Amino acid sequence: MRATEGIYMTDCSSTNPQLLLSQALAGERDCFGELLSVYRNYLKLLVVAQLERCLQQRVSPSDVVQETFLEANRDFDQFRGQSIGEFCAWLRMILVNNLHRVVEQHVLTAKRTVRREVSLEVLASSLEQSTARLDAILSDPGSSPSMNYQRQEQELDLANQIAALPPDYREVIVLRHIEALPFDEVARRMQRKTGATRMLWVRAIRCLREKMNE
């Protein structure tokens, strides 16, 4: 806290997620906005991994994330957790519901003759798998509370670094690591030869590691 003209104001310049959450729970809504911004690239990466390429041409992952932020801001009074891990899980739950609505609107509308129900449970499971795959890119720091918190910070940093990569590098990492596709399928999606796709992946991983080491 800092005093300005006799009034105490909260300093939300920190990027520490747990600190921002604690301040938001104490009633500092500005800090809640800062907290949401920390998760922007992380959530966007998960959205990209769930939307098929054809859907990404009609649905902006950024719009899905923004809608999630609006709903989180509206419903934050209903959040009952205290830890940043609980908050992240709560955000993902809102994200899953928004993704489910988007998929139903666009997929089912485009395929009116195919009455195929899009399962919310399947979508939630798929997103959790993407989360686990993102986590698997990092080395295992252990399982203590402090290590778990460090892991969450590393995941956010990883998402930010992936977002900053050149588009081809970012796409090959998402397809290979977050969607867990074999190289021949990655190559087909990227309209490249399999050998060229492997080389692209090697360069992308090298670039990502350099960024993380910095």
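Let me begin with a term: a residue is called buried when its relative accessible area is under 20%, exposed when that area is over 50%, and partly exposed in between, with a 1.4 Å probe and protein chains only. By that definition, 39% of the 214 residues of this chain count as buried. What you see above is a predicted model, in which local features need pLDDT of at least 70 and side-chain atom pairs count only at pLDDT 80 or more, while totals for chains, interfaces and linings use all residues. Residues are numbered from 1 along each chain as its sequence is written, and side-chain values use heavy atoms, with hydrogens and water left out.

Now to the overall layout. Helices (H or I, at least four residues) and strands (E, at least two) are taken as DSSP runs and numbered from the N terminus. The chain has eleven helices and two strands, and from the N terminus on the order is β-β-α-α-α-α-α-α-α-α-α-α-α.

Let me turn to the interior. A nonpolar core here is a set of buried Ala, Val, Leu, Ile, Met, Phe, Trp, Tyr and Cys residues joined through side-chain atoms within 4.5 Å. The largest such core has 54 residues, and those with the most contacts inside it are Tyr39, Tyr42 and Phe87. Helix 6 gives the largest share of this core, ten residues. Because domain 1 (16-137) and domain 2 (165-213) both contribute residues, this core lies between them; the domain bounds come from an automatic or database domain assignment. As a general remark, in soluble globular proteins nonpolar side chains tend to be buried together.

Phe87 leads us to the aromatic rings. Rings of Phe, Tyr and Trp (its six-membered ring) pair if their centres lie within 6.5 Å, and planes under 30 degrees apart count as stacked, over 60 as edge-to-face and the rest as tilted. By this rule there are eleven aromatic pairs. One of them joins Phe32 and Phe87, edge-to-face, at 6.1 Å centre to centre and with 80° between the planes. This pair links distant parts of the chain, since Phe32 is in helix 2 (residues 29-38) and Phe87 is in helix 6 (residues 84-110), 55 residues apart. Ring pairs link Phe32, Tyr39, Tyr42, Phe76, Phe79, Phe87 and Trp90 into a cluster.

Trp90, a member of that cluster, is found in helix 6 and is buried, with a relative accessible area of 12%. Trp90 and Arg80 are ten residues apart in sequence, and their C-alpha atoms are 9.5 Å apart in space.

Next, helix 5 (residues 61-75), which has 15 residues and reaches 21 Å from its first C-alpha to its last, close to the 21 Å expected at 1.5 Å a residue; the expected span is 1.5 Å times one less than the number of residues. Its buried residues are Pro61, Val64, Val65, Thr68, Phe69, Glu71, Ala72 and Asp75. Val59 sits in the loop between helix 4 (53-56) and helix 5, and this valine is buried, with a relative accessible area of 8%. Val59 and Val103 are 44 residues apart in sequence, yet 9.4 Å apart in space, C-alpha to C-alpha.

Two loop residues also deserve a mention. Ala180, in the loop between helix 9 (167-178) and helix 10 (183-190), has a positive phi of about 60° although it is not a glycine, and Ala180 is partly exposed at 41% relative accessible area. Gln191 lies in the loop between helix 10 and helix 11 (194-213); its phi is near 60°, again a positive value in a residue other than glycine, and Gln191 is exposed, with a relative accessible area of 76%.

Finally, the cysteines. How many disulfides does a search of the whole structure find? With a disulfide taken as a pair of cysteine sulfur atoms within 2.5 Å, the search finds zero. Cys88 is buried, with a relative accessible area of 10%, and Cys207 counts as buried at 19% relative accessibility.
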